[in-house]
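Visitor: I am new here. Could you walk me through what there is to see?

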Amino acid sequence: MEVVVTMIDLHTHSSVSDGTDTIEELVGKAGQAGIEILSISDHDTMDGVDLAQELGAKAGIEVLRGMELSTHHTTGAGSTSIHLLAYGCDPTSEHIITLLRDLTEARESRVPKMVEVLNGLGLELTVEEVEAQSSVASVSGRPHVADAMVARGYVASREEAFATYLSEEGPAYISRYTPCLNEAIELIHQARGVAVLAHPWGRGSQEVLDATEIEKLVGDYHLDGIEVDHVDHDDQARMVLRGLAEDLGLIITGSSDYHGLGKTRNPLGVNTTPYDIYERLKSTIEERGGRP
């Protein structure tokens with residue numbers, strides 16, 4: 001049996017959300033990195049996917065339709081933000097259209113509130129300055145506020161802006177609407193897509209989203225997969241998550257979570273997905289009638 005060796009990166013971001021590369025730049029860099037299968041999974045939007053697929057076809061790169069949905073999960077241990085990768089959703093699905101509209105409105109209403117808080121902290125900033133940093137994005141968000149702060153010289157990087165002001169524990173953090181995790185999984189399925197937990201044990205999420213909770217998501221809501229190989233997971237987390245996913249029969253992915261200059265530890269291809277896993281992911285989308 002022939003072994004297919006293909007470089008597959010299923011989680012990347014462009015300037016359509018909070019990456020710093022345009023779609024053209026991202027597809028070009030993927031080609032230079034030797035990536036043959038790529039997913040553009042921007043936050044709460046699929047706006048860049050059609051162009052990426054068009055450019056990918058010309059460059060010999062297969063581009064899988066994706067996005068990364070913002071959700072939250074609440075248990076007795078508390079509530080935390082959880083990101084959910086959605087692959088192959090039908091972009092004409094009313095379920096997805098409504099969800100993305102609500103998420104966009106929540107993001108848009110959040111930026112002026114953050115700017116107001118920062119001004120109160122003595123950091124003069126305007127909404128227009130934030131929007132200038134997100135001119136090609138579908139909507140402005142925290143990373144663009146961070147970029148405006150960098151441009152003003154208040155901080156040296158996005159990382160510093162989040163660490164000192166914009167993280168969930170920061171003084172300028174403003175909460176916004178997100179669907180609960182189980183609701184988002186169901187919406188992805190209604191749009192004929194595949195739902196994969198993004199870096200579930202990164203950034204302190206393990207306390208809320210432990211093995212028992214993941215088992216419940218599979219049993220009650222038919223979660224499809226887990227992103228295991230990710231820079232936010234150490235070797236121990238990867239080993240435990242891989243064993244759990246195998247026991248539950250889940251799709252196991254790996255990817256870079258590339259953001260261009262927006263993240264320094266996430267070069268393209270730093271983690272990849274095996275070809276046989278990709279085949280299973282794509283065939284599941286096709287069986288459901290989705291849009292890979």
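Guide: Glu105, Glu108, Glu128 and Glu131 form a negative surface patch. Please keep in mind that this is a predicted model.

Visitor: Which elements give two or more residues to the negative patch?

Guide: Glad you asked! The patch is made up of Glu105, Glu108, Glu128 and Glu131. Two or more of its residues come from each of these elements: helix H3 (94-120) and helix H4 (127-133).

Visitor: Is glutamate 105 buried, partly exposed or exposed?

Guide: Let's start with its place, which is in helix H3. Buried means under 20% relative accessible area and exposed means over 50%, with partly exposed in between. Glutamate 105 has 45% relative accessibility, so it counts as partly exposed.

Visitor: And serine 17, is that buried or exposed?

Guide: Serine 17 sits in the loop between strand E1 (8-12) and helix H1 (23-32). Its relative accessibility is 6%, and therefore serine 17 counts as buried.

Visitor: Which residues is serine 17 in contact with, leaving aside its neighbours within four places in sequence?

Guide: Contact here means heavy atoms within 4.5 Å. With those sequence neighbours set aside, the contacts of serine 17 are Asp42, His43, Ala137 and His144.

Visitor: How far apart in space are glycine 153 and alanine 191?

Guide: Glycine 153 lies in the loop between helix H5 (142-152) and helix H6 (158-166). Because its relative accessibility is 56%, glycine 153 counts as exposed. In sequence, glycine 153 and alanine 191 are 38 residues apart. In space, C-alpha to C-alpha, the distance between glycine 153 and alanine 191 is 43 Å.

Technical notes. Residues numbered from 1 in each chain as written. Predicted model: local features only at pLDDT ≥ 70, side-chain atom pairs only at ≥ 80, totals over all residues. Heavy atoms only, no water. Helix = DSSP H or I, 4+ residues; strand = E, 2+ residues; numbered from the N terminus. Buried < 20%, exposed > 50% of the residue type's maximum accessible area, 1.4 Å probe, protein only. Patch = residues over 30% accessible without salt bridge, like charges linked within 9 Å, V, L, I, M, F, W, Y side chains within 5 Å. Areas by Shrake-Rupley, 256 points an atom, 1.4 Å probe, with all protein chains shown as cover. Salt bridge = Lys/Arg side-chain N within 4 Å of Asp/Glu carboxyl O. Lys, Arg positive; Asp, Glu negative; His and termini not counted. Charge placed at Lys NZ, Arg CZ, Asp CG, Glu CD.
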